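Subject: Structure handover

Hello,

Here is the structure I promised to pass on. Please open it first, then read the notes below it.

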Amino acid sequence: RLGMELFPKKYAQLMEAFISEVKDELGEMKLNLILGKVADRLISSPDLKISGNEREAKIEKLKSFVDTLNNLGYYARMEIDGEIVRIIRHNCIFYEMAKTNGKVICDILGKDMIEKSGEKNFTIVEKFSDGGNKCVVEVDLDSTDSTL
């Protein structure tokens, strides 16, 4: 059993075919809805009860999001530069699928996961699916469009 992880797997091909079939059968809107539910499951964590000012609350919520990403295997870290928080992911757990389905994996599922973290105002500035060496999301702490 321990050696099973050493052999090649075809998860990416299976998921590409699955996503394509769901899209063909149900349409892109339904696929997006399903991916939103997947994001809910991946990011589901208890709501944080954070006291303090809004900036501190946003930072704590984003730290919790980064912890969740790390638990999923993203190897993520957070940097704070003035009023900008950067979430940098050095791994993508959907990398093989993102190479051929970047729109679905990065632009839909990835964005849904960030929004489920409670942050609505963010910019994805670098993605693996666009040839980047990492994925970088920037959140403006000054924005008031957040669900904290």
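Predicted model: local features only at pLDDT ≥ 70, side-chain atom pairs only at ≥ 80, totals over all residues.

Now look at the first pair. β1 and β2 (residues 84–89) are antiparallel and share six bridges. Within that pair, A76 stands opposite R89 of β2. E79 faces R86, also in β2. The two strands form a hairpin, with two residues between them. G82 sits in the turn and has a positive phi of about 65°.

For orientation, here is the chain as a whole. The chain has five helices and four strands. Along the sequence they follow the pattern α-α-α-β-β-α-α-β-β. The chain has 148 residues, and 34% of them count as buried. Take the contacts with a separation of 6 or more: 53% of them join residues 24 or more positions apart.

α1 (11–26) has 16 residues. From first C-alpha to last, α1 reaches 22 Å, close to the 22 Å expected at 1.5 Å a residue. A12, I19 and V22 are the buried residues of α1. They cover an arc of only 95° around the axis, which puts them on the same side of α1. The other side of the helix carries exposed residues: Q13, L14, D24 and E25. What covers the buried residues of α1? The cover includes α2, α4 and α5. After α1 comes G27, with a positive phi near 95°.

α2 (residues 28–43) also has 16 residues. At 1.5 Å a residue, α2 should span 22 Å. Its end C-alpha atoms are 22 Å apart, which agrees. The buried residues here are L31, L35, G36, A39 and I43. Their arc around the axis is only 145°, so they lie on the same side of α2. K37 and R41 are exposed, on the face turned away from that buried side. Which helices do the buried residues of α2 pack against? They pack against α1, α3 and α5.

Then the core. The largest nonpolar core has 33 residues. Those with the most contacts inside it are L69, I87, F94, I105 and M113. Several elements supply at least two core residues each: α1, α2, α3, β2, α4 (95–100), α5 and β4. The largest share comes from α5, with seven residues.

Leaving out residues up to four places away in sequence, I87 touches L62, F65, V66, L69, R77, C135, V136 and V137. One of these, L69, is also among the core residues with the most contacts.

Last, one lysine to check. K127 is in the loop between β3 and β4. Is K127 buried or exposed? Buried means under 20% relative accessible area. K127 has 14% relative accessibility, so K127 counts as buried. K127 and A98 are 29 residues apart along the chain, and their C-alpha atoms are separated by 9.5 Å.

First, the hairpin of β1 and β2, with G82 in its turn. Second, I87 and the residues it touches, including L69 and V137. Third, K127 in its loop between β3 and β4.

Best regards

How values were computed
Residues numbered from 1 in each chain as written. Heavy atoms only, no water. Pairing = 2+ DSSP bridges. Expected span 1.5 Å × (residues − 1). Buried < 20%, exposed > 50% of the residue type's maximum accessible area, 1.4 Å probe, protein only. Arc of directions from axis to C-beta. Contact = heavy atoms within 4.5 Å. Core = buried A, V, L, I, M, F, W, Y, C linked by side-chain atoms within 4.5 Å.
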